[in-house]
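Here is a short briefing for a first look at this structure.

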Amino acid sequence: MPFLGCASEILQSRGYAPGAAHYLFNFVKGDAAKGPALREQAAGFLRVGMWGIDADEPHRNALASGDLILIYLGAPEREFIGRAELASAVHDWTPSEAQVYPGDSPRGVLLARVEVWAPPVPMNTVLSQIDPAENAKAEFQVGVVRITASEYETALAVAAGRAPSTG
């Protein structure tokens, strides 16, 4: 699946469902299989347009097609590496999906309108732009975190304002 668009294009083209929820998908060292680096493994999920969701995730039953997500690498990286739109609710992988999914989760969601950010967006840069009253934070205990539309839009705005990587 190709990586589509850039953050500035996304900010300018609001083709989203009006009732879409916003989530942060938190990927941490404990989630990564031995071998590829955390960022490489997360990018592999994005390339195939699939993201594994554990059976005990608190928001797993709320995830729906059209919801908007940010992909976040937890400590020690603490950075956003992209965004996507959900193309499905959580479901057990079909046999054909299970063949292409590069992880070991037996279930998850399909992704559409996937965008990978290079360079990544540091969480501290996003947090510095969010009103402290929103209680945004950089560390999460779960893999799926509900966020506000404002937090989501702030991350997109920060991503749109960065210069592209030259190295």
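pLDDT is the predictor's confidence in each residue, from 0 to 100. This is a predicted model: local features need pLDDT of at least 70, side-chain atom pairs count only at pLDDT 80 or more, and totals for chains, interfaces and linings use all residues. Residues are numbered from 1 along each chain as its sequence is written, and side-chain values use heavy atoms, with hydrogens and water left out.

**Confidence**

- The chain has a mean pLDDT of 81, and 76% of its residues reach 70 or more.
- Contact means heavy atoms within 4.5 Å.
- Residues 1–17 stay under 50 in pLDDT, and the model gives them 39 contacts beyond four places in sequence.
- Residues 163–167 also have pLDDT below 50. This stretch has five contacts beyond near neighbours in sequence.
- Where pLDDT is low, the predicted coordinates should not be read in detail.

**Overall build**

- The chain has five helices and seven strands. These are DSSP runs numbered from the N terminus: helices are H or I with at least four residues, strands are E with at least two.
- From the N terminus, the order is α-β-α-β-β-β-β-α-β-α-β-α.
- Of the contacts between residues at least 6 apart in sequence, 74% join residues at least 24 apart.
- Buried residues make up 42% of the 167 in the chain. Buried means under 20% relative accessible area, exposed over 50%, and partly exposed in between (1.4 Å probe, protein chains only).

**Strand β3**

- Six of the six residues of β3 (residues 68–73) are buried, so the strand is largely enclosed by the rest of the structure.
- In a regular strand the side chains alternate between the two faces of the sheet.
- Leu68, Leu70 and Tyr72 point one way from β3, while Ile69, Ile71 and Leu73 point the other way.

**Partners of β3**

- Two strands pair if DSSP finds at least two bridges between them.
- Strand β1 (residues 22–27) pairs with β3 in the parallel sense over six bridges. Here Phe25 stands opposite Ile71.
- Strand β4 (residues 79–86) pairs with β3 in the antiparallel sense, over six bridges. Here Leu73 faces Glu79.
- β3 and β4 form a hairpin with five residues between them. In the turn, Arg78 has a positive phi of about 50°.

**Helix α5**

- Helix α5 (residues 149–161) has 13 residues.
- Its first and last C-alpha atoms are 18 Å apart, close to the 18 Å expected at 1.5 Å a residue. The expected span is 1.5 Å times one less than the number of residues.
- The buried residues of α5 include Glu151, Tyr152 and Leu156.
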